[in-house]
Amino acid sequence: MPQRPAPHNHNPTLTTDRLILRLPVPEDAEDMLVFRGDPVVQKYNSVPLAHAEEARDYIEKWLLECKAGERKIWGITLKEEGTMIGMVGLGSWRKHDRRAEVGYDMARAYWGRGIGTEAVRAAVCFGFEHMNLNRIEAATIADNMGSVRLLEKLGFTREGTLREYSLEQDGRFHDEANYGILKREFLP
(Lines give C-alpha, C1' and ligand atoms only; values in the text may rest on other atoms or scores of the structure.)
Protein backbone atom coordinates (compact mmCIF):
# COMPACT_ATOMS: atom_id res chain seq x y z
CA MET A 1 0.00 0.00 0.00
CA PRO A 2 1.58 3.30 -1.04
CA GLN A 3 2.04 6.07 1.49
CA ARG A 4 -0.25 9.05 1.15
CA PRO A 5 1.24 11.84 -0.96
CA ALA A 6 1.20 15.51 -0.06
CA PRO A 7 -2.10 16.86 -1.47
CA HIS A 8 -0.60 20.06 -2.94
CA ASN A 9 1.94 18.33 -5.18
CA HIS A 10 0.81 17.92 -8.80
CA ASN A 11 2.79 14.66 -9.19
CA PRO A 12 3.77 13.46 -5.72
CA THR A 13 6.36 10.84 -4.90
CA LEU A 14 4.82 7.48 -3.96
CA THR A 15 6.50 4.82 -1.86
CA THR A 16 5.77 1.12 -1.53
CA ASP A 17 7.54 -1.65 0.36
CA ARG A 18 10.40 -1.81 -2.17
CA LEU A 19 9.94 1.17 -4.46
CA ILE A 20 10.06 4.92 -4.74
CA LEU A 21 7.96 6.25 -7.59
CA ARG A 22 9.10 9.77 -8.37
CA LEU A 23 8.77 12.35 -11.06
CA PRO A 24 11.33 11.61 -13.77
CA VAL A 25 13.77 14.39 -14.59
CA PRO A 26 15.77 15.03 -17.79
CA GLU A 27 18.87 13.65 -16.04
CA ASP A 28 17.11 10.22 -16.07
CA ALA A 29 17.42 10.04 -19.86
CA GLU A 30 20.30 7.52 -19.85
CA ASP A 31 18.40 5.28 -17.40
CA MET A 32 15.27 5.52 -19.52
CA LEU A 33 17.24 4.59 -22.63
CA VAL A 34 18.06 1.22 -21.00
CA PHE A 35 14.40 0.14 -21.22
CA ARG A 36 12.96 2.44 -23.89
CA GLY A 37 15.89 1.65 -26.18
CA ASP A 38 15.74 -2.13 -25.67
CA PRO A 39 14.04 -3.85 -28.63
CA VAL A 40 12.92 -6.74 -26.38
CA VAL A 41 11.23 -4.38 -23.89
CA GLN A 42 9.72 -2.33 -26.70
CA LYS A 43 8.59 -5.35 -28.74
CA TYR A 44 4.92 -4.52 -28.10
CA ASN A 45 5.26 -0.84 -27.30
CA SER A 46 6.96 1.62 -29.61
CA VAL A 47 10.01 1.92 -31.80
CA PRO A 48 13.02 1.71 -29.48
CA LEU A 49 14.73 5.00 -28.75
CA ALA A 50 18.21 5.33 -30.20
CA HIS A 51 19.65 8.24 -28.22
CA ALA A 52 19.44 9.70 -24.72
CA GLU A 53 18.35 12.99 -26.30
CA GLU A 54 15.13 11.30 -27.48
CA ALA A 55 14.49 10.04 -23.95
CA ARG A 56 15.15 13.53 -22.57
CA ASP A 57 12.63 14.98 -25.04
CA TYR A 58 9.96 12.50 -23.89
CA ILE A 59 10.64 13.27 -20.24
CA GLU A 60 10.42 17.02 -20.83
CA LYS A 61 7.14 16.59 -22.76
CA TRP A 62 5.68 14.46 -19.96
CA LEU A 63 6.80 16.97 -17.32
CA LEU A 64 4.92 19.72 -19.14
CA GLU A 65 1.81 17.50 -19.30
CA CYS A 66 2.12 16.77 -15.57
CA LYS A 67 2.45 20.44 -14.76
CA ALA A 68 -0.63 21.17 -16.91
CA GLY A 69 -2.59 18.52 -14.99
CA GLU A 70 -3.01 16.27 -18.04
CA ARG A 71 -1.15 13.20 -16.79
CA LYS A 72 0.67 11.66 -13.86
CA ILE A 73 3.96 9.89 -14.47
CA TRP A 74 6.47 8.25 -12.20
CA GLY A 75 9.96 6.88 -12.65
CA ILE A 76 10.26 3.54 -10.87
CA THR A 77 13.28 3.24 -8.58
CA LEU A 78 14.25 0.66 -5.99
CA LYS A 79 14.54 2.18 -2.51
CA GLU A 80 18.20 1.20 -2.19
CA GLU A 81 19.10 2.59 -5.64
CA GLY A 82 18.49 5.89 -7.39
CA THR A 83 18.49 4.46 -10.89
CA MET A 84 15.21 4.69 -12.79
CA ILE A 85 14.41 1.12 -13.88
CA GLY A 86 11.00 1.74 -15.41
CA MET A 87 8.06 4.08 -15.66
CA VAL A 88 4.38 3.99 -14.81
CA GLY A 89 1.81 6.64 -15.56
CA LEU A 90 -1.82 7.61 -15.81
CA GLY A 91 -2.65 9.36 -19.08
CA SER A 92 -5.58 9.96 -21.41
CA TRP A 93 -7.15 11.53 -18.34
CA ARG A 94 -10.82 12.37 -18.91
CA LYS A 95 -11.62 14.39 -15.80
CA HIS A 96 -15.34 14.74 -16.48
CA ASP A 97 -15.72 11.00 -17.04
CA ARG A 98 -13.36 10.24 -14.13
CA ARG A 99 -11.24 7.79 -16.09
CA ALA A 100 -7.63 7.44 -17.20
CA GLU A 101 -5.38 4.87 -18.84
CA VAL A 102 -2.45 3.25 -17.07
CA GLY A 103 0.76 2.55 -18.95
CA TYR A 104 4.04 1.06 -17.81
CA ASP A 105 7.35 -0.41 -18.88
CA MET A 106 10.46 -1.67 -17.14
CA ALA A 107 14.06 -2.65 -17.80
CA ARG A 108 14.32 -6.32 -18.72
CA ALA A 109 16.78 -7.07 -15.88
CA TYR A 110 13.93 -6.44 -13.39
CA TRP A 111 11.22 -8.57 -15.01
CA GLY A 112 9.69 -11.42 -13.03
CA ARG A 113 10.23 -9.92 -9.57
CA GLY A 114 6.77 -8.39 -9.02
CA ILE A 115 8.19 -4.87 -9.29
CA GLY A 116 5.90 -3.94 -12.18
CA THR A 117 2.85 -5.19 -10.31
CA GLU A 118 3.87 -3.24 -7.20
CA ALA A 119 4.42 -0.03 -9.20
CA VAL A 120 1.20 -0.30 -11.21
CA ARG A 121 -0.76 -1.09 -8.04
CA ALA A 122 0.59 2.11 -6.44
CA ALA A 123 -0.34 4.20 -9.50
CA VAL A 124 -3.83 2.69 -9.70
CA CYS A 125 -4.34 3.24 -5.98
CA PHE A 126 -3.26 6.87 -6.40
CA GLY A 127 -5.67 7.29 -9.32
CA PHE A 128 -8.63 6.06 -7.33
CA GLU A 129 -7.75 7.77 -4.05
CA HIS A 130 -6.32 11.11 -5.21
CA MET A 131 -7.46 11.74 -8.79
CA ASN A 132 -11.09 10.84 -8.06
CA LEU A 133 -11.09 8.26 -10.86
CA ASN A 134 -13.92 5.79 -11.16
CA ARG A 135 -12.32 3.73 -13.93
CA ILE A 136 -8.81 2.92 -15.08
CA GLU A 137 -8.18 1.34 -18.44
CA ALA A 138 -5.21 -0.44 -19.96
CA ALA A 139 -4.45 -1.58 -23.48
CA THR A 140 -1.84 -4.21 -24.24
CA ILE A 141 -0.94 -6.44 -27.13
CA ALA A 142 -2.80 -9.69 -26.48
CA ASP A 143 0.42 -11.69 -27.06
CA ASN A 144 2.24 -9.76 -24.33
CA MET A 145 1.62 -12.35 -21.64
CA GLY A 146 3.68 -10.55 -19.00
CA SER A 147 1.48 -7.48 -19.30
CA VAL A 148 -1.71 -9.56 -19.44
CA ARG A 149 -0.71 -11.41 -16.23
CA LEU A 150 0.14 -8.14 -14.47
CA LEU A 151 -3.25 -6.62 -15.26
CA GLU A 152 -5.18 -9.74 -14.32
CA LYS A 153 -3.22 -10.08 -11.05
CA LEU A 154 -4.37 -6.56 -10.12
CA GLY A 155 -8.03 -7.40 -10.84
CA PHE A 156 -8.43 -5.79 -14.27
CA THR A 157 -11.10 -7.38 -16.47
CA ARG A 158 -10.53 -8.04 -20.14
CA GLU A 159 -13.31 -6.11 -21.84
CA GLY A 160 -12.56 -6.68 -25.47
CA THR A 161 -10.16 -7.38 -28.28
CA LEU A 162 -9.32 -5.20 -31.25
CA ARG A 163 -8.31 -7.70 -33.91
CA GLU A 164 -5.07 -7.11 -35.83
CA TYR A 165 -4.92 -3.66 -34.29
CA SER A 166 -1.24 -2.83 -34.55
CA LEU A 167 1.64 -3.62 -36.85
CA GLU A 168 4.53 -4.47 -34.55
CA GLN A 169 8.27 -4.67 -35.02
CA ASP A 170 8.07 -8.34 -36.01
CA GLY A 171 6.21 -7.28 -39.18
CA ARG A 172 2.93 -8.88 -38.08
CA PHE A 173 -0.40 -7.43 -37.04
CA HIS A 174 -1.29 -8.14 -33.41
CA ASP A 175 -4.55 -8.04 -31.50
CA GLU A 176 -4.93 -5.43 -28.77
CA ALA A 177 -6.50 -6.57 -25.49
CA ASN A 178 -8.46 -3.90 -23.63
CA TYR A 179 -8.74 -4.06 -19.85
CA GLY A 180 -10.54 -2.02 -17.24
CA ILE A 181 -11.02 -1.85 -13.52
CA LEU A 182 -13.56 0.15 -11.53
CA LYS A 183 -12.84 1.81 -8.20
CA ARG A 184 -15.27 -0.49 -6.40
CA GLU A 185 -13.44 -3.55 -7.78
CA PHE A 186 -9.92 -2.53 -6.77
CA LEU A 187 -8.38 -3.99 -3.63
CA PRO A 188 -5.04 -2.30 -2.88
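Visitor: Why does C66 count as buried?
Guide: This is a predicted model, and in it C66 has a relative accessibility of 0%. Buried means under 20%, so C66 counts as buried.

Visitor: What makes C125 buried or exposed?
Guide: The relative accessibility of C125 is 2%. With the cut-off for buried set at under 20%, C125 therefore counts as buried.

Visitor: How do you know how many disulfides the structure holds?
Guide: The count is zero. For C66, the nearest cysteine sulfur is that of C125, 18 Å away, whereas a disulfide requires sulfur atoms within 2.5 Å. C66 is therefore in no disulfide. C125 is likewise in no disulfide, the nearest cysteine sulfur being that of C66.

Visitor: What makes the span of helix α2 close to the expected one?
Guide: Helix α2, residues 52–67, has 16 residues. From its first C-alpha to its last it reaches 22 Å, and 22 Å is also what is expected at 1.5 Å a residue.

Visitor: Why are the buried residues of α2 said to line one face of the helix?
Guide: These buried residues are A52, A55, I59, W62, E65 and C66. Viewed down the axis of α2, they fall within an arc of 140°, so they line one face. In general, an α-helix has 3.6 residues a turn, so residues three or four places apart point the same way.

Visitor: Which exposed residues does the face turned away from the buried side of α2 carry?
Guide: That face carries L64 and K67; exposed means over 50% relative accessible area.

Visitor: What covers the buried residues of α2?
Guide: The cover includes α1 (29–36), β3 (72–78) and β4 (84–94). Just after α2, G69 takes a positive phi of about 80°.

Visitor: What makes β4 "mostly covered"?
Guide: Of the eleven residues of β4, nine are buried.

Visitor: How do you know that β3 and β4 pair?
Guide: Six bridges join the two strands, which run antiparallel. Pairing requires at least two bridges, so β3 and β4 pair. W74 stands opposite V88 in β4, and a hairpin joins β3 to β4 through five residues.

Visitor: How many bridges join β4 to strand β5?
Guide: Seven bridges join β4 to β5, residues 99–106, and these strands run antiparallel. With at least two bridges needed, they therefore pair. In β5, E101 is the bridge partner of G91. The hairpin of β4 and β5 has four residues between the strands, and in this hairpin R98 takes a positive phi near 55°.

Methods
Residues numbered from 1 in each chain as written. Predicted model: local features only at pLDDT ≥ 70, side-chain atom pairs only at ≥ 80, totals over all residues. Heavy atoms only, no water. Buried < 20%, exposed > 50% of the residue type's maximum accessible area, 1.4 Å probe, protein only. Expected span 1.5 Å × (residues − 1). Arc of directions from axis to C-beta. Contact = heavy atoms within 4.5 Å.
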